[in-house]
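Have a look at the model and follow along.

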Amino acid sequence: MNPNVGSSVEDGNYRIGQRLAVWGLIISAGLAFVKLAGGIFAHSAALSADGLESASDVLASAMIWSSMAIARRPADEKFPYGYGRAESLAGATVGTILLMSAVLLAAHSVQRLMGPPVDLPSWTLWPLALSFVLKGVLSVAKHRIGKRIRSSALLADSGNDAVDMISAVVAATAITLNLIDHERFAYADPIGGLGVALIIFIMGIGIFRRTSQELMDVMPDTALVARVRDVAGSVEGVRNVEKCYGRKSGTHFFFDLHIEVDPAMTVLNAHDVAHLVKDKIVADCDFVKSVLVHVEPFTP
């Protein structure tokens, strides 16, 4: 396998991911301005809440772009495992931004519930419809690229865009109810704002939890671990794979293996077997960046 081919494909995917982050930043900035201006002008808590969420997306997309740029840096003496953890850190930060946004939105909506009801104009639905369509396109594109390159940051941003779609539906429903029957659904708008805040809060917890686990070296999916074990066990000279630990950094995984070989084998031969195990895993498992192999004597 030519390592340069894999590297060029990975760089190409990273560039696509960065372009998506830039487009997300531009679109979120435009939507935030339209929705916040509309929410302030129409005195709509639901529209303002959705606009504030879009404003937080601008910061999130900027962080995703910068984290992907940092993660592409090659390993050096200071960071021998590379800079991939920048992605997990950015994903955790996106989760934190969502949690903070949810609290602010909830406070704003509660304040509106304590005030007099407001008549809403019908045009307040248009910014939400536009947001639903644009965020839907971004979410699908980011999810596809994020899954392809196993980017925690891009997947977190995809989930963030999906939340925007849900929040737009909730806000639009609240405003529609208010437009249909203002007397009966006088406070549907601020209640819709609370609904948006709750959705954002739940999604923020999920993203923060997932990316924080990566920062704490959570074990990879069992299917990936089983794949590495199978490949290592297929190498001639390996009697057993005793331990197999992995951790994620950026878009790839690092694995530590304990293999057992014939106790009568020379140190040189055991060393050669360990190198064969490492090379075969890296060649056959495209999700593995590097492997550290420890050799032990086989005990039946």
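Q: Before we talk charges, which residues count as positive and which as negative?
A: Lys and Arg count as positive, Asp and Glu as negative, while His and the chain ends are left out. On that basis this predicted model has 26 positive and 29 negative charges, and their mean positions lie 3 Å apart.

Q: What makes up the secondary structure of the protein?
A: Eight helices and three strands. Read from the N terminus, the order is α-α-α-α-α-α-α-β-β-α-β.

Q: Why is the protein called more spread out than a compact globule?
A: For 300 residues the globule rule gives 19 Å, but the radius of gyration is 25 Å, well over that, so the protein is more spread out than a compact globule. As for the C-alpha trace, it spans about 85 × 35 × 30 Å along its principal axes.

Q: How much of the protein counts as buried, and what supplies its exposed area?
A: Of the 300 residues, 44% count as buried. The protein exposes about 15,000 Å², with carbon and sulfur atoms supplying 66% of it.

Q: How do you know that the span of helix H4 agrees with what it should be?
A: H4 covers residues 125-149, and at 1.5 Å a residue its 25 residues should span 36 Å; the end C-alpha atoms are 36 Å apart, so the two agree. Buried residues in H4 include Pro 127, Leu 128, Lys 135 and Ile 149.

Q: Why is Asp 217 called partly exposed?
A: The label covers anything between the buried cut-off of 20% and the exposed cut-off of 50%. Asp 217 has a relative accessible area of 38%, so it is partly exposed. Asp 217 sits in the loop between helix H6 (188-215) and helix H7 (222-233), and has a positive phi of about 65° although it isn't a glycine.

Q: What makes Asp 256 buried, exposed or partly exposed?
A: Its relative accessible area is 35%, so Asp 256 is partly exposed. You'll find Asp 256 in strand E2, residues 252-261.

Q: Which residues is Asp 256 in contact with, leaving aside its neighbours within four places in sequence?
A: Lys 243, Cys 244, Tyr 245 and Leu 292. The cut-off for a contact is heavy atoms within 4.5 Å. As for His 294, 38 residues from Asp 256 along the chain, the C-alpha atoms of the two are separated by 7.7 Å.

Terms used: Residues numbered from 1 in each chain as written. Predicted model: local features only at pLDDT ≥ 70, side-chain atom pairs only at ≥ 80, totals over all residues. Heavy atoms only, no water. Helix = DSSP H or I, 4+ residues; strand = E, 2+ residues; numbered from the N terminus. Buried < 20%, exposed > 50% of the residue type's maximum accessible area, 1.4 Å probe, protein only. Expected span 1.5 Å × (residues − 1). Rg over C-alpha atoms; globule rule 2.2 N^0.38 Å. Areas by Shrake-Rupley, 256 points an atom, 1.4 Å probe, with all protein chains shown as cover. Charge placed at Lys NZ, Arg CZ, Asp CG, Glu CD.
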